[in-house]
Number of protein chains: 4
Amino acid sequence: MREECGIFGITAIDNASLHVRLGLFELQHRGQESCGIATSHDSRLHCKTRMGLVMNSLTDEVLAKLPGNLAIGHTRYSTAGGTGIQNAQPFLAMTKYGQLAIAHNGNLTNADQLKPQLIANGAIFQSTSDTEVVLHLIAQSSKKSLIGAIKEAMRKIRGAYCLLFLTKNSVLAVRDPRGIRPLVIGKLPERGYVFASEKCALRHSNAEFIGDVKHGEIVIATKNSLKRHRFSKSGTPSHPCVFEKVYFARPHYTERFNSGVRLAKEYSHIEADIVIGVPDSGNIAALGFAEASGIRYGIGLTRSHYTGRSFIEPTQAKRGTAVELKLSPVEEVIRGNRVIVVDDSLVRGTTSKKIIRMLRKAGAIAVYFLLASPQIKHPCYDGVDIPDRSQLIAVGRTNEEIAKEIEADGVGYLSLQGLLQACGESETVQHCTGCLDNRRFSEELIQIAT
Amino acid sequence: MREECGIFGITAIDNASLHVRLGLFELQHRGQESCGIATSHDSRLHCKTRMGLVMNSLTDEVLAKLPGNLAIGHTRYSTAGGTGIQNAQPFLAMTKYGQLAIAHNGNLTNADQLKPQLIANGAIFQSTSDTEVVLHLIAQSSKKSLIGAIKEAMRKIRGAYCLLFLTKNSVLAVRDPRGIRPLVIGKLPERGYVFASEKCALRHSNAEFIGDVKHGEIVIATKNSLKRHRFSKSGTPSHPCVFEKVYFARPHYTERFNSGVRLAKEYSHIEADIVIGVPDSGNIAALGFAEASGIRYGIGLTRSHYTGRSFIEPTQAKRGTAVELKLSPVEEVIRGNRVIVVDDSLVRGTTSKKIIRMLRKAGAIAVYFLLASPQIKHPCYDGVDIPDRSQLIAVGRTNEEIAKEIEADGVGYLSLQGLLQACGESETVQHCTGCLDNRRFSEELIQIAT
Amino acid sequence: MREECGIFGITAIDNASLHVRLGLFELQHRGQESCGIATSHDSRLHCKTRMGLVMNSLTDEVLAKLPGNLAIGHTRYSTAGGTGIQNAQPFLAMTKYGQLAIAHNGNLTNADQLKPQLIANGAIFQSTSDTEVVLHLIAQSSKKSLIGAIKEAMRKIRGAYCLLFLTKNSVLAVRDPRGIRPLVIGKLPERGYVFASEKCALRHSNAEFIGDVKHGEIVIATKNSLKRHRFSKSGTPSHPCVFEKVYFARPHYTERFNSGVRLAKEYSHIEADIVIGVPDSGNIAALGFAEASGIRYGIGLTRSHYTGRSFIEPTQAKRGTAVELKLSPVEEVIRGNRVIVVDDSLVRGTTSKKIIRMLRKAGAIAVYFLLASPQIKHPCYDGVDIPDRSQLIAVGRTNEEIAKEIEADGVGYLSLQGLLQACGESETVQHCTGCLDNRRFSEELIQIAT
Amino acid sequence: MREECGIFGITAIDNASLHVRLGLFELQHRGQESCGIATSHDSRLHCKTRMGLVMNSLTDEVLAKLPGNLAIGHTRYSTAGGTGIQNAQPFLAMTKYGQLAIAHNGNLTNADQLKPQLIANGAIFQSTSDTEVVLHLIAQSSKKSLIGAIKEAMRKIRGAYCLLFLTKNSVLAVRDPRGIRPLVIGKLPERGYVFASEKCALRHSNAEFIGDVKHGEIVIATKNSLKRHRFSKSGTPSHPCVFEKVYFARPHYTERFNSGVRLAKEYSHIEADIVIGVPDSGNIAALGFAEASGIRYGIGLTRSHYTGRSFIEPTQAKRGTAVELKLSPVEEVIRGNRVIVVDDSLVRGTTSKKIIRMLRKAGAIAVYFLLASPQIKHPCYDGVDIPDRSQLIAVGRTNEEIAKEIEADGVGYLSLQGLLQACGESETVQHCTGCLDNRRFSEELIQIAT
């Protein structure tokens, strides 16, 4: 499973692009294929996109060509649209509302339906990205103001999305009416604001977290002000993706710890000597499990710091596959013990099998594989790249069959109820769990706001 | 002075992209900043653009992603529009007439006038290239057919241009009504056709030269046929850029040799021991001069093969400037002699001064600098990058003053009449000599063709 | 502090270089500046060295030029000798004993004394590495056999070292008489042997750990046999570097956990809400501390996977220093808590200060900084790169002064006795603790072995 | 055929490495695989070697690490010894005479005979280059002075060589007793001296040519003085390689022009309309031919500036081989004409055949291929890389058979006598023509000089 993108915007600060670079660096777990920054300086927009990691490709030299104190940025893992530099964002375009840059996290589900009419009206599509649809909807609008055109466009598109727009004197943030993907607001110490996919990206700018962009909201930040508009009916519950908390977004320590606690309650019958996590995301749930179960926590798997994106996986021979190089067993923790391994989720099962073999080779006398989330059985329509159902290990298999498949002595999943409780489900926050139970919340929430 | 671009298209041949690569290689003197190829395969267009030289950047790996037996390509030196990969051509776009790729050599003079209306109609501009204007004119057309839309667009644009379009089953070639930039047609041995900026690009495909795309003509090549349409009034004279023959386009041996012959007649009073050319373009005129004057021809300057595009010019200290590294004097030819040096043209004079100093250091006792073209005094509005008038050495200086400036014992220019005669001026071919005498031919030639 | 090198050798296995690459990958924390492999094939030695990380620079293409079933390899952090490819190992030389490759982990303390005589005898030194001294001692020997020449050379050199030699049909492993640096032996499943700086490097070859190369020992592995020779008096205690266990070598889980336990006993008076480790090495000791103290363990700092060796540190502005990018605070763990941070050691204190500031910014109400080792006050003469005394924070400062310097609410070091107990000090294993208490064990252990 | 190396040294000038870089740039036709510079500064030698072209690899950054006002440099095409950075020169070594750097142009014929004794004496060979033999001979000498040791070494080695040595305060230049390879001396405008493989390398330093290093001579340049020593008997004739003048060394305009004149006399019976040269070296002889024969000279082949060393030759398909991309025919010169093509030499004939086909395709009605040198039939023992006899087209074939092979209407070689006359053969200058007639001059010239 892969998240698709991270976005970051900032206003009213010198060398805005330096801040965007640091923000994107903190969001890189959301996409590490390409990155880019657009800035506004002297009423003119500048934009640079690059393939590769943030710090390696958005060098000081590149930033020198991105002056200005207003900026947005994007780091990307491709979902809709192919890869390649022509799909790297932000996109910069001249429109009837002036120059406009856009950065997008999410997935439009009706792009293919919208395109023919746009083309018939004279649009030319130069990329395969669904983000270009948003630009054309705005460019072909007959509204007087940009904000009017954006509202109109938002009412036409469907899917999960967070968008940042840069104009010559403002940054606009938009979140879809269900609030599937995250987008937070920070306030800078002096003046100005920050938008970011996750809270963790605020710290290098010393920005104070002041809340989320709400679902169905457009927030406009200028030098001194923050104005909030709605483009969908207010008062509806939000439907955040539950996997942002389980897996994608950084820490969410409480939710993950709690899911480990719940997991311990649901699997209190397993007898084991040690509980370990699969780094990094499994460790926090493992700690929760240990505390609730009384079974000792150990660091039984370590993660190599030499298998990052620049790591070239060897092609020759079978030896040394990526997982075997990425993770090492700690024999002193494993040998002679019955081991509970906690991971965040189980998709295909290929990695898990290798981990279990690794632990047995290191001396484990039993290996129980527990997941801090339920069985993944359905596709995601809202921007997460989930393999085809035929590849999902939980489709058409009992837990016993899964255990056999991955060579574990036992496999256990957290119940859906357990997960929702750990994540704080409530009347106003009804998580999207489509990939787990196929529950889909209506997108027909969109009503003309005042 | 710099030419801007070379274009090449081919139909009905296996691995069309291999042919385009070789064609672009031969056109690389017209632009070496970026290059690209678009192909059509199974009713789908593919396009790859790269920064850098043809052979180094359009590698076998890149070509493997460009299948098909119809293709166009482009090699570029930036004029209008900034540099960078987003301006590299061909451009590929989805339009109401289907997928369309475009490659452009030339310069539109009314792009800025056309843009506002296109934008008001909903267009978004994603590059700074004037070529995007052509795409939008077509995309916003209300004509039934692509050919109708292209004709309509051509009647709106002004300037010098040659265009190649690729559709899923044809290549279309267009040349402006004055015929400023060159575009030739070749016929492949079996079936299929080639379009290229210059004849020299035909040889690797064994294509036979069958004539020019005429001024004001649209030529459509498919698998088996070649159809010619007009979009401007027929019967007008063509106005080819005289500097294509003097300097940009490859060989034009006859015109250059003849200009040397004419130069010899105009400067028959100079007494010298040896005549040499500035490589490479000056050598042919120098041979003509030698033959007509009876003064012996020598290879007095050689050009290094190590100062190509990948050559990194040293920044440190004054020593070893580019010209001094690029050219070497042949002392055995120079020492003790009165030397006539023939070059194609004189722009700023900085290079010439260094050449003259180099020759004196190598023992020349007199250096006469003769140009196979008249004084350059005016800007070019049709796609050639000429420095600002303040930098043109011929503006506001007599030949004596120029000689003093470049430290020559004498300077002589070919007369305009001499040049035109050497280049074959006639009633039907009236060269554009705007940079020499500011003569501008009306662009208002465009009439609705049948 | 930086370890200098990792070495790996293997015999009697197809594609030996593939195994060496994986072994070096696992040893890369010991040196990531350059790497290399030498192999023996058909009585001829081959050698390739490269700058950069193992997987990125010892590519399949490089390995294709390293055939054979006997090989040694080296991964390097420069200590003695400057950096650069000419100092990358293995070194390959033709000597009177035939071709010989050498890989060295350690530091010779008398290289400068030995060089003049070698040079007077006709040696030429082509690198600045002390390893070349070993080669010349062997090359100038008058012994009949290579093993005799190596023994003679080992009796002349002083310092800490582990050496691997490759000949056309064997790998020889040598460890200094004090056993300062580690070197282990593994047995392959079928036939053949492995030598490696650390046990963790054995796993990819499925080699079984069968013990250490003993201090003062030369072990010769051929296709089928393992022969052990001594070149120093037997029966002396070994003096392993205590910092290999605290910091350099991989896991040593038990020692680190125990040092945390001891730390908890020595600092039982500190009242805190949470104990966290500085990743990665501080985490294990923090776990030990938590278990012994009853204070809850939390993952309060996470380490970025995007700051590896290919990470380009931004130079512009003060923002985003390496530590601030490498480590992130987990606010949910930190905020509102009195935090104990456990790290392995404290050298200059610059990083610690930044970590403490980061924790306070994330809401810590008190930060106690505890070290799982005593104060570092002295240089290392045996191959570890310790900064000048003037830069060591523990030199001339009380713990209170150190706390003030790094802005902690308190600083505590583990006692030397505590560390030694945690590391298993005994009559036969007397750790080298020179950097802590300046205790130096005599090198005059070397006696002619039978 | 390929020359192997170029060398350059300079004394007593600020930023000596800048001058070496420019000197090596001018010598790059002698070797473009690797390059390097050694300098002396404050009694310490520095050395950097790189793979690749001079200007691209010896960047300003590299030069910043090469301070000093004494330097030597080397540019290399590998002959003896494999390729790779470990064979790149200069070599820098610490010897009993202090630090010593060496740069070598040539080929030692008795290196394999000298090595065993050097190794038995304790030498270790770290490269496969014969240059290392020279260093060891010096290092193992028992002479008091370096100059004595060099003389002793020179008397032991055989073959063709020019050597430059750098010590902390001087540059020493050595040329073999037969004077096979060239080495010239220049005098700087103020103080100090230059040594270079060819005169053309002097110009960027404004050095005045003051003669050759004589065969069998050692010339020592310090800050202020130039001292000349002999290590072989004086008064013997020199035996310069005739192909340096025909092909390798830059211009030699007079010799090449004269060889064309002689060729015209020997082939006065050929009736043709135009004579052209194969660029670049054939052009000068073609001019000579034209002047002597009265047949008009034309530029019938042009050389691409885009096929330098960074040019990546396409591997796919047969189209576009290197020669066809490198050379273009000038149709206006060729079409309808009987063409004489002059080239410097004929080795395998593969390139010639392609040229002849190219000319016929461009309309030549007859093509006569004339060579400004005799048939190459023998190997070179003195440093030129000549293919195996089985590949030499002139071995075992009459001129008629060769013409048929390369598809020419006729082939003619310059006679040996003609070539020697053109090159200035005399009693004191007896050219080495070993590759033409197998004539070998005795190397036993070496006598103890005073």
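**Salt bridges and symmetry in a predicted model**

Visitor: Which residue does Asp409(C) form a salt bridge with?
Guide: This is a predicted model, and in it the closest N and O atoms of the pair are 3.0 Å apart. A salt bridge needs that distance to be within 4 Å, so the pair qualifies. The partner of Asp409(C) is Arg360(C).

Visitor: And how many residues apart are Asp409(C) and Arg360(C) along chain C?
Guide: Asp409(C) sits in the loop between α13 (399-406) and β19 (410-413). Arg360(C) belongs to helix α12 (residues 350-361), so the pair links distant parts of the chain, and the separation is 49 residues.

Visitor: Is Asp409(C) buried, partly exposed or exposed?
Guide: Its relative accessible area comes to 43%. Buried would need under 20% and exposed over 50%, so Asp409(C) is partly exposed. Arg360(C), at 32%, also counts as partly exposed.

Visitor: Over in chain A, which residue pairs with Glu407(A) in a salt bridge?
Guide: The closest N and O atoms here lie 2.9 Å apart. Glu407(A) is in the loop between α13 (399-406) and β19 (410-413), and its partner is 50 residues away in helix α12 (residues 350-361). That partner is Arg357(A).

Visitor: What about Glu26(A) and Arg203(A), are they buried or exposed?
Guide: These two side chains meet in a salt bridge, 3.2 Å from N to O. The pair links helix α1 (residues 16-26) to the loop between β10 (193-196) and β11 (208-212), 177 residues apart. As for accessibility, Glu26(A) and Arg203(A) are both buried.

Visitor: Which relation holds between chain A and chain C?
Guide: Chain A can be laid on chain C by a turn of 180° and a shift of 0.1 Å along the axis, with an RMSD of 0.1 Å. So the relation is that of a two-fold axis.

Visitor: What percentage of the interface residues of chain A are also interface residues in chain C?
Guide: The copies meet through the same surface.

Conventions
Residues are numbered from 1 along each chain as its sequence is written. Chains are lettered from A and ligands numbered from 1 in the order in which they are written. This is a predicted model: local features need pLDDT of at least 70, side-chain atom pairs count only at pLDDT 80 or more; totals for chains, interfaces and linings use all residues. Side-chain values use heavy atoms; hydrogens and water are left out. Helices (H or I, at least four residues) and strands (E, at least two) are DSSP runs, numbered from the N terminus. Buried means under 20% relative accessible area, exposed over 50%, partly exposed in between (1.4 Å probe, protein chains only). Copies are superposed by least squares on the C-alpha atoms of residues with pLDDT of at least 70 in both. Contact means heavy atoms within 4.5 Å.
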